[in-house]
Amino acid sequence: MLTLLHLLSAVSLLVWGTHIVRTGIMRVFGANLRRVLSNSVEKKPLAFVAGIGVTALVQSSNATALLVTSFVSQGLVALSPALVIILGADVGTALMARVLTFDLSWLSPLLIFVGVSFFLSRKQTRAGQMGRVGIGLGLILLALELIVSAATPITQASGVKVLFSSLTGDVILDALTGAVFAIVSYSSLAAVLLTATLAATGVISLKVALCLVIGANLGSGLLAMINASKQNAAGRRVALGSVLFKLIGCVIVLPFIGPLSGQLARLGIPDEELVIYFHMFYNLIRCLAMVPLSGPMARVCELMIADAPEEDPRLRPRHLDVSALDTPALALANAARETLRMGDVVEHMLILNHEVMHGKLAQDREVRRLDDDVDVLYTAIKLYLAQIHKEDLGEDDSRRWAEIIEMAMNLEQAGDIIERMTADIAAKSHAARRAFSPEGLTELDSLHEKLVDNLRLSLSVFLSNDLTSARRLRRSKHRFRLLDRRYAHAHVDRLHQHNVQSIETSSLHLGLLGDMKRLNSLFCAVAYNVLDKDAQEDDDRDADDAVTLMK
């Protein structure tokens, strides 16, 4: 029983080490990996190679599948090239299985020691996260050694020999057993290594071992299906396509596994080596053969999993991918995209507010509905950012986190102001059959136009952090305030002239001027984040120059 517990703990350590490597790599190179995958979808060979490379970095085809599935769910990658990337990931994990079976026992303690030293001393830096990757790689190598050492006495037990003696060559049963191995261990790599160990000790025949390897590949596809079960229809299609590709490989190869094992046995290579090489070449040949079928497979998956009808897609966030939370750079990018979408809704509210100002009272109800959408998006963004571990954020990411939450708060407040403005116009002006004076309406139209322009510019500054645009936005804010003050004085002048329309709408008119000034301040606040950052960088450079002169 203790030996079995050692084996299970070794498998768990392998899974944990893979998780640490994946999260560490994603935190350091997450944005670059996203760009590589997004830019490699135009050509199938490039997408295939990208799948191999990313899997070699994150040490797990399941991790690559999660990443690609999230991209497809967000509409960043089409289904057909995503399936090609998944095929490349299967080859990548087979190649890594070959590399990790070399005698690297000396490397494990070295990686763990160096990794812990860097991670604890420079946790918030790029070097600290690379130390985290080193810890994960060391744990993977250590886990592989523990799996072999723990499995050896188990395979010598009489009960285990009787259990595995039931695997006498029934290819379907053997393949299903391999799939169960992969699902239970949460890693096709662990299942393949365990199979190689069993073959080396003679507990199972080579034919059974090959069936177990094929089944382990199928099990990794089923794991991807389980992980994608909470994704939308587009994300689930990626996992379905992966499973179907692996199922096709099983159906084609399993009938010939008997003659194939006999031919391989004549090569004079140890059984454990044959298992590893078969795993590598089986995936390579299968995936290369399936690449041209990615298009038809995408169409089949679209027929099998239809898009669920969405009554109102604006009521739900589109870009807040939970699977990206382990990668702060990606999670912050997702939150920023959702904040931009929130800004688009606020802009639509402003446009409808202008229509209400010109007598289209029916738009008041639509403005109230859009404000509810803004509140939903704000709550989703706030809760999403709260799930990001701030202790794992570097200085730049921490600043970006604060910028996003501040921008979302300002947009939410702007939505409330626009809703109140629209309701006041409908209640105090048109419903009471009171109209703005022609001069006053022209002034409000001018301010409204500049307000929309400043909102658009603020969203651009929020996205790009461009210093020139930030200075332009600050100037626009000051010009708006001067114009708002001038129009307020002009309204008072009309009151002195006893303009009846100005007198009837005076309270509403001045209230709208004040609300527009507050909206403008909320929109332009993002400029000061960029300007303050630039000022801080100038101060740091001046301090460095002073230290250099003192030396």
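User: Which residues of α9 are buried?

Analyst: In α9, S188, L189, A190, A191, V192, L193, L194, T195, A196, T197, L198 and A199 are buried; buried means under 20% relative accessible area, exposed over 50%, and partly exposed in between (1.4 Å probe, protein chains only). Twelve of the 13 residues are buried, so α9 is largely enclosed by the rest of the structure. Helices here are DSSP runs (H or I, at least four residues), numbered from the N terminus.

User: Where do these numbers come from?

Analyst: This is a predicted model, where local features need pLDDT of at least 70, side-chain atom pairs count only at pLDDT 80 or more, and totals for chains, interfaces and linings use all residues. Residues are numbered from 1 along each chain as its sequence is written, and side-chain values use heavy atoms, with hydrogens and water left out.

User: What about α5, which residues are buried there?

Analyst: L107, S108, G115 and F119. Seen down the axis of α5, the buried residues fall within an arc of 90° (taken from the directions from the helix axis to the C-beta atoms), so they line one face of the helix.

User: And which are exposed on the other side?

Analyst: P109, F113, L120 and S121 of α5.

User: New topic. How do α15 and α18 cross?

Analyst: The axes of α15 (residues 328-357) and α18 (residues 438-464) come within 10 Å and cross at roughly 175°. Axes are lines fitted to C-alpha atoms, for helices over the stretch in contact, and angles run from 0 to 180 degrees between N-to-C directions. The two helices are therefore roughly antiparallel, the label for angles over 145 degrees.

Notes: Parallel < 35°, antiparallel > 145°, perpendicular 65-115°, else oblique.
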